[in-house]
Amino acid sequence: MLVVPCPNCGPRNASEFRYAGEYRPRPHPSQDVTDDEWATYLYTRSNTLGVHTEWWFHTSGCGLWFLAERHTKTNAFVKSYLWGAT
Amino acid sequence: MWHDRPLKDGYDVVIIGGGAHGLACAHYLAKEHGVTDVAVLDKSYIGSGGSGRNTAIVRSNYLTPEGVRFYDESVKLYEQLAAELEFNVMFSQRGHLTLAHTDGAVRTMRRRAEVNRLQGVDSRLVFPDELAHICPQLDLSEHPRYPIMAALYHPPGGIIRHDAVVWGFANHADRRGVHIHQQTEVTGVDVRDGKVRGVETSRGYVAAETVLNATAGWGSTIAAMAGLELPIATAPLQACVTEPLKPFLDVVVVSGSLHVYVSQSSRGELVMGASVDPFGSYSMNSSLDFVEGLAGHVLELFPFLSKVRILRQWAGLCEMPPDFSPLMGFTPVEGFLLDVGWGTYGFKASPICGKTMAELIATNTTPDLIYPFRLSRFAEFDLVGEKGAASVGH
Amino acid sequence: MSDPTPTRLPERPGEIIDRTRQVSFTFNGEIYPAHPGDTIASALSAAGVRTFSRSFKYHRPRGLLCGAGHCPNCLVQVGDEPNVRSCQRAVEQDMDVNPQNAWPSLDQDVMSLAGLGDRFMPVGFYYKTFMKPSQLWPHYEQALRNAAGLGVVDQGTPWGAYDKQYLHGDVAVIGGGPSGISAALEAAEAGANVLLFDNGPQLGGHLRWRSDSDDTSRKDLLEKVQSARIEVYTDTDVLGWYQDNWLAAVRGDRLFKARAKAIVFATGTIEVPTLFDNNDLPGILLGSAVQRLLNLYGVAPGRRVVVVTANRHGWDLAADLLAAGVELAAIVDERRTRDHPASVDLAAAGVPIYNGSALTGARGRKAVSAAVISEIDDSGNPIGPGRVLSCDTIALSTGWEPALDLLYTAGGKSVYQENRAEMSVDPVPDGLYVAGSANGADLLQARVEDGRVAGRLAAAHLELTEPPPQQELDKLALELSKEERRTSDRISAPDGKKRFVCFCEDVTDVDVDTAIAEGYDSVELLKRYSTISMGPCQGKMCSVNALRLCSRIKGQSVQETGRTTSRPPTTPVYLGVLAGQNMEPVQVSSIHDWHLDRGASMMVAGLWLRPEHYGDATAEVNNVRNRVGLIDVSPLGKFQLTGPGAPDLLERLYINQWRNLRKGRVRYGVMCNDEGVVLDDGVCARVDDDTWYLSTTSTGAGTAFQWIQWWLQSGWGGNVHLTDMTEIYSAFNLAGPHSREVLRKLTKRDLGNKAFPYMRIRRTRVAGVSCRVWRIGFTGELSYEIHVPSSAGLHVWEALMEAGGEFGIAPFGVEAQRVLRLEKGHLIVGQDTDAMSDPLGADMAWAVKLEKPDFLGKRSLERISVDGPHQRLVGFEMTRKHIVPEEGLQIVKPQENGKLNIIGWISSSRFSPTLKKSIGLCWLPSDIGSEPGATFTIYQDGRLEEARVHHGPFFDPGGERLKS
């Protein structure tokens with residue numbers, strides 16, 4: 001079982017977490033977001049074969065939402081951090 | 001069967017991915033459209049991807065009229081495939097049951113059954129008294145958590161020998177002059193002035209003005225070589241088999257709430273699977289969590305299997321699109337075509353997918369049957385409604 | 001009476017059977033004796049039984065082969081359990097053991113006709129046959145299906161008592177032979193907590209049954225293990241290595257799981273058979289199987305044995321047999337040298353010895369009656385006419401395959417060592433170590449030393465000690481490289497004889513040859529086409545021979561040929577063990593038992609069990625409409641937001657407006673995602689300036705909590721805190737015209753319409769308990785939703801029931817609530833909406849405040865609002881008032897050609913007892929749905945039923961009862 005590094009709790013079994021997909025910054029939905037840009041935000045994913053940034057939630061733990069950089073082939077984590085940090 | 005041939009420096013059509021989809025497309029291109037200057041490239045051996053890793057269930061009891069129409073054509077082609085390919089693909093229409101454990105699931109199953117019937121697909125809701133006859137092995141006793149309230153019964157659904165489908169298509173495509181190049185990995189897609197010109201491979205450059213991306217799992221990776229990002233996310237899907245047992249289970253049994261499907265193969269093994277892994281990955285490592293969860297859910301339905309042993313587990317890659325429907329056809333890059341985003345339901349579409357993509361390539365026009373699955377639907381906010389049945393269903 | 005155990009020998013040193021006691025069991029209907037400690041296979045062998053099973057495809061008789069739990073030959077049915085490895089299962093009194101895949105009997109199997117003469121089914125037979133005429137395929141298929149499988153499932157088998165245990169250790173050592181023990185000792189000495197796993201009943205590995213070691217070395221090692229801080233798990237199979245060193249192991253009915261920091265793979269070797277004509281006959285055993293029989297169970301494999309070998313192990317075996325008094329027909333050694341210490345004694349005893357010779361075939365009908373041997377040239381090819389040796393047993397000791405499957409799944413890359421004719425792993429991933437026989441060490445001292453070094457390296461990986469100095473590693477490597485080769489790579493060219501490569505699937509070398517010629521020329525394709533290595537042994541017996549054969553046929557090296565991917569589990573494992581206990585928890589409310597006592601019929605709702613009804617849902621509806629009812633709505637999601645930032649967050653989470661909501665007031669709210677799809681709905685109250693309290697759907701509560709947290713923790717959470725109150729509060733809805741009178745009896749608060757009007761929330765003491773009381777009404781009646789601390793839930797519920805007695809109060813369930821809400825035209829998220837529904841279509845356009853600067857779904861809903869939704873959720877009534885169309889039915893538009901086009905569907909429908917007619921909600925194209933009274937057609941069971949669009953509530957459209 002994958003070990004997920006929670007920035008609060010440290011390394012924990014993946015079964016404690018919910019994975020919530022690739023990180024996609026949300027454009028402010030003001031008028032100047034085109035339909036194309038909005039559709040890209042909603043649906044398009046880089047689906048990287050390599051290190052990408054993703055969301056995790058520590059469901060059976062501290063309740064933290066955090067970002068992690070993980071290699072999608074080896075599943076090795078590079079780092080994890082709170083939203084707004086890097 | 002098929003032959004090793006020299007890799008030419010150009011083809012009319014290059015198909016990336018030697019799975020059931022790519023090979024079916026090559027077969028129908030050659031057979032129905034006389035297009036034979038075709039190369040099918042695979043980075044490993046043919047059928048090494050999703051085609052050889054799925055649980056070989058074929059059915060057409062989808063939720064949306066467009067989904068049902070498409071898969072019904074696929075079932076019809078599968079029924080004729082052994083004769084067409086002169087290769088026994090062992091299509092075994094044993095019937096397919098999708099169990100409903102909640103009243104909400106009963107409602108969804110009825111919705112599917114009604115859509116199916118109106119599209120001429122044999123599919124109906126059955127209740128425990130009839131279920132006891134269709135699948136007497138099911139534990140229909142009182143369950144606090146997962147009572148079996150009803151099931152969607154789809155008699156034409158069944159199982160098939162997945163590898164045989166791959167080999168049958170490969171054999172026929174080869175016979176008509178298609179080149180099948182195994183151990184040939186595409187490392188780049190040559191796009192100039194918005195048009196595809198060829199592909200870079202581990203064995204050199206191959207020119208082509210039509211390139212089909214039929215690479216379940218790596219669809220985004222190949223598309224990125226052509227400068228495209230796709231609305232798909234890759235996730236592993238796992239499965240396992242038990243040791244061979246004397247036949248006792250005739251139908252395919254699926255439970256959406258329990259995320260499990262079970263069938264007994266012609267060899268006597270129970271073939272079992274679940275929903276995609278809880279996190280996205282390109283890793284094809286098996287996990288213990290998967291077999292632990294699966295075993296619990298299988299025993300919930302069939303407690304008497306507790307002393308049956310799991311023999312082997314494996315994983316394949318799936319591409320999950322936002323609306324549970326594939327991405328087929330044209331892209332903004334001229335000549336670069338898609339056959340990706342097949343979620344957990346790609347294998348069952350192989351023949352019809354090959355046939356319609358061949359037609360698209362030969363006529364440069366999208367066949368009506370696959371128009372709903374075009375890539376541009378996302379930018380047009382015209383998604384397919386298959387997600388309405390959001391639950392596992394293989 | 002004849003001797004029931006003709007091949008049981010006098011007592012052997014080191015044997016593990018208890019000769020002072022006897023048990024009996026049945027095999028194939030006959031009673032057999034055994035001693036405690038015997039396996040089924042050893043007891044049957046002692047009785048002279050040769051045939052244990054029939055093979056998978058050709059139903060050929062098969063007998064004990066590997067004796068190590070790897071091969072399929074000794075699989076039997078034990079009572080209700082199929083596919084039991086009889087060489088591993090201890091005999092128990094009255095055990096009912098039966099052969100598998102034999103009909104009508106083990107001795108006379110009619111299916112074995114399939115293999116008569118040379119008429120084997122060629123590889124790929126099924127793919128090329130039974131296609132024409134196609135209408136007959138189902139019949140062929142049924143016949144093929146009936147012939148499939150091995151053991152039988154008993155549908156009376158219970159789930160059983162399985163459980164799971166987590167183990168904790170720093171270093172896991174897999175394999176308790178001399179190298180594993182040494183590794184464990186070394187790591188423990190360095191300070192590591194060690195888990196030591198072995199699949200045998202005792203530690204010691206081959207020292208238990210092989211005579212190349214003196215008993216003292218084993219005793220010495222075992223004593224040291226006992227004194228060290230090592231957790232020992234015997235009879236334990238390590239099933240798999242999973243991501244991040246997550247190990248699974250099984251002992252009996254228990255699954256172990258452990259996360260190791262470093263792992264030593266001291267997994268030993270597997271002896272493998274060779275290819276020769278009729279190599280599957282009963283009476284042909286691997287040398288290690290014979291040694292186990294002899295030395296663990298005191299059983300002779302037969303009466304006259306030919307030992308076939310290519311290494312020292314065969315000579316050790318021959319010496320054992322000689323010492324045990326078993327007749328040796330010959331020793332046949334591929335090698336030309338004869339330097340084994342036992343060779344002198346064996347020669348002196350008159351045992352014929354054939355050097356530079358190999359076994360080319362076996363003869364016999366149901367079991368071996370003779371071995372055919374031949375001299376071989378330097379390439380291993382037979383020369384000369386050969387020689388026939390009469391015997392009843394052939395012991396094969398010609399080669400070993402390191403047991404590396406576990407290490408391969410852990411990421412180890414296989415490298416074929418041509419000089420040793422064995423696989424090795426290089427590189428071995430970081431933190432993993434391979435030791436002992438699995439690492440190519442063969443002599444005992446080398447195994448011990450190799451284990452010690454691996455243990456030290458594992459401890460050094462944990463930074464408990466320094467790694468061994470390089471010169472020590474070099475010295476060990478040099479010693480290993482000087483070891484005598486123990487494995488022969490001799491393989492004959494396919495020539496039409498019956499040489500089985502794969503015993504599980506009955507695949508011969510001719511099949512392999514044919515498959516390669518047909519184009520299935522990579523190992524993976526070959527595996528899938530011929531099914532080689534896909535059976536119960538998972539390639540343990542056949543993989544290496546298949547590779548050698550494949551490379552010989554293709555004229556390439558074994559390394560170039562490659563190997564198929566190893567997959568877990570390394571040993572087949574019960575579904576029961578993986579499942580563990582039957583645990584599917586359900587959530588129940590604080591008054592669950594009360595519901596059960598009142599005969600409630602319970603239903604599953606998400607994770608919860610809820611009363612569906614208490615016997616008569618229609619009566620419950622009528623009681624709410626006419627008197628007063630009480631429903632347990634505890635599963636509702638209940639969340640509290642505190643802090644000045646709450647309104648900002650709510651404005652963004654909901655499509656509605658919140659900032660202007662005044663203290664004490666309540667508003668209905670809808671949450672969407674950014675696609676504009678409806679996620680959840682509920683009510684939200686401003687309890688005081690900085691405290692907001694909201695409810696969500698029952699089934700969506702968990703998701704909603706995570707959803708709100710997500711946005712709160714990614715930029716929208718300034719000055720606000722979210723608390724999940726779902727389980728802290730129980731919630732009851734008191735509904736009906738008498739509800740005020742009931743509640744008034746339990747509270748001092750003024751419940752008058754002025755003091756406590758509709759859509760308000762009040763902190764209220766009810767039956768002495770401080771509650772949050774909402775005046776809201778899903779049912780359309782005057783009603784109060786009482787949120788009470790769960791600890792006092794039952795008290796308040798009972799107080800309400802008692803207070804309501806004089807007004808005719810009765811509990812009502814989910815079914816009555818559904819009817820009541822439908823009469824009011826209220827939708828249920830998840831039933832009337834699905835994962836594609838937007839609020840504009842779902843009749844909630846009034847709630848969508850597009851003028852807000854930002855909220856989840858805004859951009860998507862703006863786009864939809866331009867043209868309006870394509871589909872609309874609206875009410876309907878049936879033209880034939882008593883017809884209730886089932887939920888899920890489709891709405892159709894008949895075409896001129898008679899075809900029925902689907903245009904919508906029924907999401908809710910019930911017969912309204914209040915209105916005495918059938919009503920419902922459905923999705924329709926906007927043009928039809930927008931027009932009240934418009935008719936449309938429902939397809940019901942082959943009939944077409946007419947219905948009419950209805951807008952708004954069906955009952956009390958003005959809402960007077962709610963506000964009364």
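Across the interface of chain B and chain A, zero salt bridges are found, a salt bridge being a side-chain nitrogen of Lys or Arg within 4 Å of a carboxyl oxygen of Asp or Glu. The model is predicted, so local features need pLDDT of at least 70 and side-chain atom pairs pLDDT 80 or more, while totals for chains, interfaces and linings use all residues. Residues are numbered from 1 along each chain as its sequence is written, chains are lettered from A and ligands numbered from 1 in the order in which they are written, and side-chain values use heavy atoms, without hydrogens and water.

Chain B and chain A each contribute 21 residues to their contact (heavy atoms within 4.5 Å). The area buried between these chains is about 1700 Å², with 59% given by carbon and sulfur atoms; buried area is the accessible area (1.4 Å probe) that two parts lose on being put together, summed over both. On the chain B side, Phe279(B), Tyr282(B) and Phe381(B) lose the most area to chain A, together 35% of what that side buries.

The contact of chain B with chain C takes 80 residues from chain B and 94 residues from chain C. About 8000 Å² is buried between chain B and chain C, 57% of it on carbon and sulfur atoms. A salt bridge joins the side chains of Glu81(C) and Arg309(B), at 2.5 Å from N to O.

Within chain B, the axes of helix 1 (residues 20-33) and helix 2 (residues 65-85) come within 14 Å and cross at roughly 70°. Helix 1 of chain B is therefore roughly perpendicular to helix 2 of chain B (65 to 115 degrees). Helices are DSSP runs (H or I, at least four residues), numbered from the N terminus. Axes are lines fitted to C-alpha atoms over the stretch in contact, and angles run from 0 to 180 degrees between N-to-C directions. His27(B), Tyr28(B) and Lys31(B) of helix 1 meet Leu77(B), Leu81(B), Glu84(B) and Leu85(B) of helix 2.

In chain C, the axes of helix 6 (residues 287-297) and helix 7 (residues 312-324) come within 10 Å and cross at roughly 30°. Helix 6 of chain C is therefore roughly parallel to helix 7 of chain C (under 35 degrees). Residues of helix 6 in this contact include Val290(C) and Leu294(C), and those of helix 7 include Leu317(C) and Leu321(C).

How values were computed. Helix = DSSP H or I, 4+ residues; strand = E, 2+ residues; numbered from the N terminus. Parallel < 35°, antiparallel > 145°, perpendicular 65-115°, else oblique.
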